[in-house]
Amino acid sequence: MIIRPATAADAAAIWAILEPVIRAGETYTLDRDMREAEGLAYWFGADKETFVAEEDGVVLGTYYLRANQAGGGAHVCNAGYMTSAAATGRGVARAMGLHSIAHAKARGFRAMQFNFVVSTNVRAVGLWQSLGFDVVGRLPGAFDHPGEGFVDALVMFRTL
């Protein structure tokens, strides 16, 4: 598996990953009716570096990295990750997580923070904890999960 910067040529493959996750509404606070142009504009935003994980020319996952805040908070980065359903359990998210940590360090970030990890996304929470992230905050009932109702969102953090 290789992880490389995304290009415009990856847009269709990235949307194929983003769309089902957005439509499910279980892990991201994005509008479930978001259209392709809006979704790709968000994922490829000017404030983000976007990457893809691919194997044998097939895009299996994508992530972005950006500064979490401006000014005095710009030394802390933030990231978002999505993996193709077909690639679940193959280590794609872990590989992207490790890549993002190394890339963030190389870019000079001092820490990484996830602002809103849905507590019912137990695979993601477990992965981030295994990569050294701590839960530093809990937002009670902050996410309206389509199947579970109002669930907590977690703030996760690690120094780099």
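Two strands pair if DSSP finds at least two bridges between them. Strands (E, at least two residues) and helices (H or I, at least four) are DSSP runs, numbered from the N terminus. The model shown here is predicted, so local features need pLDDT of at least 70 and side-chain atom pairs pLDDT 80 or more, while totals for chains, interfaces and linings use all residues. Residues count from 1 along each chain as its sequence is written, and side-chain values use heavy atoms, with hydrogens and water left out.

View 1. Seven strands line up as S1-S2-S3-S4-S5-S7-S6, with mixed pairing. At the edges sit S1 (2-5) and S6 (134-145), each pairing on one side only. S6 runs antiparallel to S7 (residues 149-159), and eight bridges join the two. Zoom in on valine 135 and you'll find its bridge partner in S7, methionine 156.

**View 2. Helices packed on the sheet.** Contact here means heavy atoms within 4.5 Å. Angles run from 0 to 180 degrees between N-to-C directions, using lines fitted to C-alpha atoms (for helices, over the stretch in contact). H3 (residues 92-106) touches S1, S2 (49-55), S3, S4 (76-83), S5 and S7, and its direction makes about 35 degrees with that of S3. H4 also packs on the sheet, touching S4, S5, S6 and S7, at about 15 degrees to the direction of S7.

**View 3. Tryptophan 43 meets tyrosine 64.** Rings of Phe, Tyr and Trp (its six-membered ring) pair if their centres lie within 6.5 Å; planes under 30 degrees apart are stacked, over 60 edge-to-face, and the rest tilted. The whole structure holds twelve such pairs. In this one the centres are 4.7 Å apart and the planes sit at 80 degrees, so it's edge-to-face. Tryptophan 43 belongs to H2 (residues 36-43) and tyrosine 64 to S3 (residues 58-67), so the pair ties together parts 21 residues apart in sequence. Buried means under 20% relative accessible area, exposed over 50%, and partly exposed in between (1.4 Å probe, protein chains only). Tryptophan 43 is buried at 0%, and tyrosine 64 is buried at 3%.

View 4. Phenylalanine 114 and tryptophan 128 pair at 4.9 Å centre to centre, with 55 degrees between the planes. Phenylalanine 114 is in S5 (residues 111-118) and tryptophan 128 in H4 (residues 122-130), 14 residues apart. Both residues are buried.
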